[in-house]
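Me: Could you pick one part of this and go through it closely with me? I'd like the numbers and the cut-offs as you go, all in one connected answer.

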Amino acid sequence: MEYLKNWLKSSGQAMMAKSDFCQLWLTCASKKEADKIANTLLVKHLVACVRQMPVSSDFWWKGKIDNSKEVMLLMEGRLDLFNKVEVEIAKAHSYETFVLEAVPVSRISKGAKKWLENELE
């Protein structure tokens, strides 16, 4: 086990603990799609909360600048669940290439920490 820990450290990766919380960001094509993804992730306890916000996005796509009205999901989760979250999103998302990002939480209030520990898988 010590060998694995050393390898992970030397490769720039760290072992994730069940207390490594994160915020997950994802844009969806529509409110309907956002609702479906949010519900799936909540039912499976892969996220504890999903906030939905309408956004206007400008981006490069297939060699040109494009824009779109989208729904941004900001979700409360845990880093060790990222792969499971990504698999579920892939089943329901309409985009050829969706962008799911995890931002580690460096500090969290005691009450929120307890809530996340109780609600996540």
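Reply: Asp-35 comes out partly exposed, with a relative accessible area of 34%; partly exposed is the range between buried (under 20% relative accessible area) and exposed (over 50%), using a 1.4 Å probe and protein chains only. This is a predicted model, so local features need pLDDT of at least 70 and side-chain atom pairs count only at pLDDT 80 or more, while totals for chains, interfaces and linings use all residues. Residues are numbered from 1 along each chain as its sequence is written, and side-chain values use heavy atoms, with hydrogens and water left out.

Back to Asp-35: its side chain meets that of Lys-31 in a salt bridge at 2.8 Å, N to O. By salt bridge I mean a side-chain nitrogen of Lys or Arg within 4 Å of a carboxyl oxygen of Asp or Glu. Side chains of opposite charge can pair when their charged atoms come close. Both Asp-35 and Lys-31 sit in helix 2, 4 residues apart, or about one turn of the helix. Helices (H or I, at least four residues) and strands (E, at least two) are DSSP runs, numbered from the N terminus. Lys-31 is partly exposed too, at 49% relative accessibility.

Glu-117 counts as partly exposed at 38% relative accessibility, as does Lys-113 with a relative accessible area of 33%. Arg-78 pairs with Asp-80, with 2.5 Å between the closest N and O atoms. There, Arg-78 is buried at 4% relative accessible area, whereas Asp-80 is partly exposed at 29%. Then there's a network of salt bridges linking Lys-44, Glu-88 and Lys-91.

Glu-88 is one of the buried residues of helix 3, along with Phe-82, Val-85, Ile-89 and Ala-92. Looking down the axis of helix 3, those buried residues fall within an arc of 130°, so they line one face of the helix; the arc is that of the directions from the helix axis to the C-beta atoms. Lys-91, together with Asn-83, is exposed on the other side. The cover over the buried residues of helix 3 includes helix 2 (31-43), as well as strand 1 (21-28), strand 3 (64-78) and strand 4.

His-93 is buried, with a relative accessible area of 9%. Leaving out residues up to four places away in sequence, His-93 touches Leu-26, Thr-27, Cys-28, Glu-33, Ile-37 and Phe-98, a contact being heavy atoms within 4.5 Å. The His-93 side chain also reaches the backbone nitrogen of Tyr-95 at 3.1 Å. Tyr-95 is in that loop between helix 3 and strand 4 and is partly exposed at 23% relative accessibility. With the sequence exclusion applied again, Tyr-95 touches Thr-27, Cys-28, Ala-29 and Glu-70. Tyr-95 and Cys-28 are 67 residues apart in sequence but 7.9 Å apart in space, C-alpha to C-alpha.

Definitions and conventions
A polar contact is a pair of N or O atoms within 3.5 Å; within protein, one must be able to donate a hydrogen and the other to accept it, and residues adjacent in sequence count only if both atoms are side-chain atoms.
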